[in-house]
Amino acid sequence: MVDRLANSEANSKRIALVESCFGAAGQPLAIPGRVLIGEGVLTKLCRKKPKARQFFLFNDILVYGNIVIQKKKYNKQHIIPLENVTIETVPDEGELRNGWLIKTPTKSFAVYAATATEKSEWMNHIGKCVRELLQKSGKAPTGEHAAVWVPDSEATVCMRCHKVKFTPVSRRHHCRKCGFVVCGPCSEKKFLLPSQSSKPVRVCEHCYLLLMSDSLGPRSDSITLSGSSFNNNTLSDDEDEDDSSD
């Protein structure tokens, strides 16, 4: 079915419409063999709070963005190659229901559908696309994935030292290795995680020691910075890009 749709006029028009909704700031999406499988609004669990995002599932990529005008205009386009994706269901908790994790080596996060049926359809279609891609390429499923960030609202104190209480002055930070919400003193180290960034990223003391141990000694791609360089109220590398405009 996907192969038959790939060169259809209807598919080309649907992809062109998605491109136009993202405007000039979005990347071109029309390439030979690409098929738009489905689309819909999902609630993405961002750092500060859950937010509605428009998602588009193609046979090789997953695209999402901020909703400016529903079905007409989106911004902050994100493109995730499906061959790097692993999905995992998450249990219902309070108002957050019908969710699952989208895990990749670069970034991992939770999304929630409006109904259990919608969740099942999304997970089934994503899973099928991933399996077909891996089968065609002969590649093995991705074993490494970035940690899912714990939302700010779930931590009133540092999740490592359990002493520092977060305030407007004592800011929350996220360890890129474990996803915990930690204080400045507990996250003074940076370490190169190539799958996430070309530059060393913030990690907590606990993960830093584990990473150093795994690397069999000191390495040039680890950095220690003074707490004063992190303890400020300006936007830093801790901002989730989905929250940077809030």
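This is a predicted model: local features need pLDDT of at least 70, side-chain atom pairs count only at pLDDT 80 or more; totals for chains, interfaces and linings use all residues.
This report walks through the fold, the sheet, the core and the aromatic contacts of the structure above.

Residues are numbered from 1 along each chain as its sequence is written, and side-chain values use heavy atoms, with hydrogens and water left out.

## Overview

The protein has four helices and 12 strands; these are DSSP runs numbered from the N terminus, with helices being H or I of at least four residues and strands being E of at least two. Of its 246 residues, 43% are buried. Here buried means under 20% relative accessible area, exposed means over 50%, and partly exposed lies in between, using a 1.4 Å probe and protein chains only. Among contacts with a separation of 6 or more, 52% join residues 24 or more positions apart, where contact means heavy atoms within 4.5 Å.

## The seven-stranded sheet

Let us start with the sheet. Seven strands form an open sheet in the order E4-E3-E2-E1-E7-E6-E5, with antiparallel pairing; two strands pair if DSSP finds at least two bridges between them. Strand E4 (73–81) and strand E5 (86–90) are at the edges with a single partner strand each, so one side of each has no neighbour in the sheet. On average, neighbouring strands are turned by 35° against each other, direction ignored.

| Strand pair | Bridges | Opposite residues |
|---|---|---|
| E1 and E7 | two | Lys 44 and Val 111 |
| E6 and E7 | five | Leu 101 and Ala 110 |
| E5 and E6 | five | Val 90 and Gly 99 |

E6 and E7 also form a hairpin, with four residues between them. E7 is mostly covered, as five of its five residues are buried. Ser 108, Ala 110 and Tyr 112 are on one side, Phe 109 and Val 111 on the other, and both faces are covered.

Helix H2 (residues 9–22) lies across strand E1 (36–45), E2, E3 and E4, and runs at about 35° to E1. Axes are lines fitted to C-alpha atoms, for helices over the stretch in contact, and angles run from 0 to 180 degrees between N-to-C directions.

In soluble globular proteins, nonpolar side chains tend to be buried together. A nonpolar core is a set of buried Ala, Val, Leu, Ile, Met, Phe, Trp, Tyr and Cys residues joined through side-chain atoms within 4.5 Å. The largest one here has 20 residues, and Phe 55, Leu 62, Leu 82, Trp 100, Ile 102, Trp 122 and Ile 126 have the most contacts inside it. At least two residues of this core come from each of strand E2 (50–58), strand E3 (61–69), strand E6 (99–103), strand E7 (108–112) and helix H3 (116–137). H3 gives the most, with seven residues. A second, separate core has 18 residues, including Phe 166, Val 182, Val 203 and Met 212.

## Phe 55 and its aromatic partners

Phe 55 is buried, with a relative accessible area of 0%. Beyond its neighbours within four places in sequence, its contacts include Gly 38, Leu 42, Leu 62, Ile 102, Phe 109 and Trp 122.

There are seven aromatic pairs in the structure. Rings of Phe, Tyr and Trp (its six-membered ring) pair if their centres lie within 6.5 Å; planes under 30 degrees apart count as stacked, over 60 as edge-to-face and the rest as tilted. Phe 55 and Trp 122 have ring centres 6.4 Å apart and planes at 80°, so their pair is edge-to-face. Phe 55 lies in strand E2 and Trp 122 in helix H3, so the pair ties together parts 67 residues apart in sequence. Trp 122 also counts as buried, at 8% relative accessibility. Together with Tyr 64 and Phe 109, Phe 55 and Trp 122 form one aromatic cluster.

## Further along H3

Helix H3 also holds Leu 133. Leaving aside neighbours within four places in sequence, Leu 133 is in contact with Asn 59, Asp 60, Leu 82 and Glu 83. The C-alpha atoms of Leu 133 and Glu 83 are separated by 6.2 Å, although these residues are 50 apart along the chain.
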